[in-house]
Amino acid sequence: MPPKRIRTVEGSCWACKQRRVKCSLEKPACRKCIIGGTKCSYDKILIKWDARPSKGSPVGNQLCLYHNSLPGSSGYNLAINERRAIDYFRSRVWPLFSTSAQPCPPPIALAMADRSVLLATCVMADSHRVLFDGRHSKENVHNKRMHCITTVRKQLADAADSKGMPLSTVLVAVLLMYFSDGFVECRQPDSSTLSHHAGARAIINSLGGFSAIMSDGDTSVKMLLSEFATTDLTNSLLHGTPPSFPAHTWGIMDTSAVWWEKTPSGMESFASIFQKLSELAAFHDLVSLGKQELSVQRIKEFEADLRPGYASISPVELTDIKEEGEDRKSLDPDLVPSAALLRAFQHSANLYLYRAVCGLPANHYVVQQHAQACLDCIMGMPPQSKALNCALFPLLVSGAHAFTDTSRQAILQKLDVVYSNLKFNAVKSIRSALEDLWKSSRQGGSWFDMFIRLDAQALVL
């Protein structure tokens, strides 16, 4: 048998590898690329995806490689890595945005129609995949991210000239980049969470505000906006800045397209407690500027509004038990973690009221009562509960007021569980901020002193 012909040599440039020709290995450009007028590059890396799922991995983590699984894929010429990234985003990343077992559909249709949304979707999927199993190139993700930012800037310029994609579509790309940097890439030196936040706010204002977008927006856009408004609010509470949106914004949220789950009957809604938190943050801003007086009556009103509530169980639910084999009426077990999460946010609001607004010390008995009650709500959540994944703000706030080693160790263990569920670097930033706080004297300082070392690029939900 004659020896097998070798068409490529080790270390060949990318262009020669693609053409399957022998490369002269000359740098900065080989001879064949110079003759053919082709761009020569040696620094590109070929990323190979394993089509076979890991043995025993959850169904949601396994990639769907059938092209027909993507809506509109027949009319869009996608590269195979883009298809796989979209499938990964839909099955693994998008469910992490919500506490609901059945969240609204992801913005796949928008990604198929617009290049910037597609790139932002792929960037977030690939960034998360690096943390999830380490099977992706960080350099490749960085290049995609820069390409996405360039594309978004060009589309914004085109939108200003009324010749590009509508601003509502560009908003989705900016929001995805905001969450990608704030949740996943917040510990990277080139993270731009704050810049994306400013860009998203500018686009929302240009579109006429939340009311205009909620009236005719896509459900996935509304869901992203509900998460954007929440992270904006929590950032305001932690760092002492006024919320970007008025309190009545929470009253116009589409209840079928939000990140939080519904609550049992007899309890307040998440939108209601977030509206009260927004009013409280705005009140603190006015008081700190000397535009409003800190009156006892107003504090009592906030105390009444923020009193933690519990679901009421009607007599029918307790007594209407039928014979064996028939349907039984009972409380939905999926709503129990949701109710605990709501109470955790209510206790967090009280901590903000007594600490940031009233100025009580961290070891005050009223403060410690709410801090311990908040921790009890979170510690009772099952490890795999989706509500637990969205309890980072209450966990951070109550953890900042933990003084015993037992409570601190329990908090760190809970954060490790959340990180194993999410694989978000924001969880590591929260963990580092708490450990730094516990070692310092800032725990005896003001509310805002406690969170001054928290990564400014990290989002806390």
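Among contacts in this chain between residues at least 6 apart in sequence, 68% join residues at least 24 apart, where contact means heavy atoms within 4.5 Å. The model is predicted, so local features need pLDDT of at least 70 and side-chain atom pairs count only at pLDDT 80 or more, while totals for chains, interfaces and linings use all residues. Residues are numbered from 1 along each chain as its sequence is written, and side-chain values use heavy atoms, with hydrogens and water left out.

Let me turn to the overall composition. The chain has 20 helices and zero strands; helices (H or I, at least four residues) and strands (E, at least two) are DSSP runs, numbered from the N terminus. Of its 461 residues, 48% count as buried. Buried means under 20% relative accessible area, exposed over 50%, and partly exposed in between, with a 1.4 Å probe and protein chains only.

I now come to the helix pairs. Two packed helices are described by the angle between their axes and the distance between the axes. Here the axes are lines fitted to C-alpha atoms, for helices over the stretch in contact, and angles run from 0 to 180 degrees between N-to-C directions. Angles under 35 degrees count as roughly parallel, over 145 as roughly antiparallel, 65 to 115 as roughly perpendicular and the rest as oblique. A crossing is left-handed if the near helix is turned anticlockwise from the far one by less than a right angle, and right-handed if clockwise.

Consider helix H3 (residues 80–93) and helix H5 (residues 115–133). Their axes come within 8 Å and cross at roughly 70°, and H3 and H5 are therefore roughly perpendicular to each other. The crossing of H3 and H5 is left-handed. On the H3 side, the residues in contact include Glu 82, Tyr 88 and Arg 92, and those of H5 include Arg 115, Cys 122 and Phe 132. By class, this contact of H3 with H5 has ten nonpolar, two polar and five charged residues. For these classes, Ala, Val, Leu, Ile, Met, Phe, Trp, Tyr, Cys and Pro count as nonpolar, Asp, Glu, Lys and Arg as charged, and the others, Gly among them, as polar.

Arg 115, found in helix H5, is partly exposed, with a relative accessible area of 33%. Arg 115 and Gln 155 are 40 residues apart in sequence, and their C-alpha atoms are 9.6 Å apart in space. Cys 122, by contrast, counts as buried at 3% relative accessibility.

How many disulfides does a search of the whole structure find? The search finds zero, a disulfide being a pair of cysteine sulfur atoms within 2.5 Å. For Cys 122, the nearest cysteine sulfur is that of Cys 148, 9.1 Å away. Cys 104 is buried, with a relative accessible area of 11%.

The next pair is helix H8 (residues 193–206) with helix H10 (residues 219–239), whose axes come within 12 Å and cross at roughly 125°. That makes H8 oblique to H10, and H8 passes H10 in a left-handed crossing. His 197, Ala 200, Arg 201 and Ile 204 of H8 make the contact with Leu 225, Phe 228 and Asp 232 of H10. Four of these residues are nonpolar, one is polar and two are charged.

Phe 210 lies in helix H9 (residues 210–216) and is buried, at 5% relative accessible area.

The last pair is helix H14 (residues 335–357) with helix H17 (residues 392–400), where the axes come within 9 Å and cross at roughly 45°. H14 and H17 are therefore oblique to each other, and their crossing is left-handed. Ala 344, Phe 345, Ser 348 and Leu 351 of H14 meet Phe 393, Pro 394, Val 397 and Ser 398 of H17. This contact has six nonpolar, two polar and no charged residues.

I close with the backbone. Most residues other than glycine have a negative phi, and most peptide bonds are trans. In the loop between helix H1 (14–19) and helix H2 (31–36) lies Pro 28, and the peptide bond from Lys 27 to Pro 28 is cis, with omega near 10°. Leu 25, found in the loop between H1 and H2, has a positive phi near 65°. Lys 423 likewise has a positive phi, of about 60°, and lies in the loop between helix H18 (405–422) and helix H19 (425–439).
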